[in-house]
Amino acid sequence: MTTPDLPSHVQEPHPIAPRRVSFDWRATPLVWIPDEPTATHVINVLHLLLPAGERWFVKVFKEALPLVRDDQLRADVKGFMGQEARRPGGQEATHSVQHSTVLDHLAHQGLDTAPYTRHVDSLFARLLGEKPPFGLPLTDREWLRFRLSVIAAIEQFTAVLGDWVLHAEGLDRAGPDPVMLDLLRWHGAEEVEHRAVAFDMYQHTGGEDPARYLRRVLGMAMTAPVLLYLWGWGAAYLLRHDPQLAAPSRYSLRAHRRAVRKGLLPTWGELGAAIPRYLRRSYHPSQEGSLRTAVAYLASSPAARAAAGAVSRAALP
C-alpha cells in the first residue's frame, strides 16, 4: 500500500471530471498477458461487470442527487457520474464505454460475452432496481439508502484494485499488451481519484447513526460474496469459451494462486483486508492509495496523450 493522503475534508479540493482518451485495440491479442490465460481472463471479468454496474451507479446517483445539500459533494458526484457512464452527446471517454469497446474486441476475436453480460444486466435490474425485490417492505428512501451503501462497498474494492494495478510490477515484467495495461491503469487511477465520492454520498444521505453505520455493514456483507461469485463465474466463463485455447479450459484456484505469486493478480489478503478497514467506524476511503500517484498517471497515460494529440491536430488550420 502507498502512503495515504489526508481525508478529503482536509485536502485541497480536487476537481473530478471525465477525460479524453483514445485506445486502439487492433493489435491486442485475446490472451493479452503472454502465456497467462488465467490471469488474463480473471482481469477481463472487469470488462464484463463494469458497463452494467457503472450504468447502475449513475442511475442510483441521479435518484439521490436531489438529497445532496453540500455544493462540493454535488460537484464531486456529478464528476463521478461523468467518469462512469456516457453522457448524451459527450466527447469524453467513460469507464462503461471503454470497457464495452473491449467486449466488442473480444467478440470480434470469437469470444462472445453476451450470455454472461445479459445475466449481469438482469441481476442489477431485478435485484437492485428502483423498487425492492421480493416485495420487501422498505420505503423508497430506505431502499435508496441501501443501494447507495452497496455502491460505497463496491467502490471500496475498485479503489483497492485501482491502487494495486498502478503498482503491479509483475504485470510489467510479464510483457502484457501495452494498450490493455494502459486502459487498466487509466481506469484504476480514476478509481483512486474518486475513491471517496460514493462513501461521502452515502454518509451524507444515509441518515443518522447507528442505522447509517449498520446499513454500511450490511451493504458490505451483501456486496463482498456477490462480487466473489460473479468474478469466479466470469473467469470460468471466459476460460471455457476462449476459442484460441488449445482445448476448453477450466478456472482453477491452483492457476490463480500461481498468477498471484507472479504478481499478475492481487493477493487474497490484499482484497480481504479491505473489508475490516471499511468496517471501522473511523474509516474514510481517502486512506486508500495516493491521489498524487493517480493524477500523475492520468497525466502521463499513453491513451490520454494520444487523445490530446488528436485534439491538437484537429485544431490546426
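Select Arg-55 to begin: Arg-55 is partly exposed, with a relative accessible area of 41% (buried means under 20% relative accessible area, exposed over 50% and partly exposed in between, with a 1.4 Å probe and protein chains only). The model is predicted, so local features need pLDDT of at least 70 and side-chain atom pairs count only at pLDDT 80 or more, while totals for chains, interfaces and linings use all residues. Residues are numbered from 1 along each chain as its sequence is written, and side-chain values use heavy atoms, with hydrogens and water left out.

**Salt bridges**

Asp-121 and Arg-55 form a salt bridge, with the closest N and O atoms 3.3 Å apart (a salt bridge is a side-chain nitrogen of Lys or Arg within 4 Å of a carboxyl oxygen of Asp or Glu). Asp-121 belongs to helix α4 (residues 114–127) and Arg-55 to helix α1, so the pair ties together parts 66 residues apart in sequence (helices, H or I and at least four residues, are DSSP runs numbered from the N terminus). Asp-121 is partly exposed, at 34% relative accessible area.

Next, select Glu-63 and Arg-147, whose salt bridge has its closest N and O atoms 2.9 Å apart. This pair links distant parts of the chain: Glu-63 is in helix α1 and Arg-147 in helix α5 (residues 140–166), 84 residues apart. Glu-63 counts as partly exposed at 31% relative accessibility, whereas Arg-147 counts as buried at 1%.

Then turn to Glu-36 and Lys-262, whose side chains meet in a salt bridge (2.5 Å, N to O). The two are 226 residues apart, with Glu-36 in the segment before α1 (37–64) and Lys-262 in the loop between α10 (253–261) and α11 (268–272). Glu-36 is buried, with a relative accessible area of 13%; Lys-262 is partly exposed, with 40%. By the rule stated above, the count comes to 12 salt bridges.

**Aromatic rings**

A search of the whole structure finds 13 aromatic pairs (rings of Phe, Tyr and Trp, the last by its six-membered ring, pair if their centres lie within 6.5 Å; planes under 30 degrees apart count as stacked, over 60 as edge-to-face and the rest as tilted). Select Phe-199 and Tyr-278: their ring centres are 6.1 Å apart and their planes at 80°, so the pair is edge-to-face. Phe-199 lies in helix α8 (residues 197–205) and Tyr-278 in helix α12 (residues 274–279), 79 residues apart. Phe-199 is buried at 4% relative accessible area, and Tyr-278 is buried at 1%.

Move to Tyr-229 and Trp-233, a stacked pair with 6.0 Å centre to centre and 20° between the planes. Both lie in helix α9 (residues 211–241), four residues apart, about one turn of the helix. Select Trp-56, Phe-57, Phe-61, Phe-80 and Phe-124 together to show a cluster linked by ring pairs.

**Charges over rings**

The charged end of Arg-281 sits over the ring of Tyr-213, 4.1 Å from its centre.

**Helix α13**

Finish at α13 (residues 291–300), where the buried residues are Leu-291, Ala-294, Tyr-297 and Leu-298. Seen down the axis of α13, these buried residues fall within an arc of 130°, so they line one face of the helix (the arc is that of the directions from the helix axis to the C-beta atoms). The face turned away from the buried side carries the exposed residues Arg-292 and Ala-299.

Definitions and conventions:
Lys NZ or Arg CZ within 6 Å of the ring centre and 35° of its normal.
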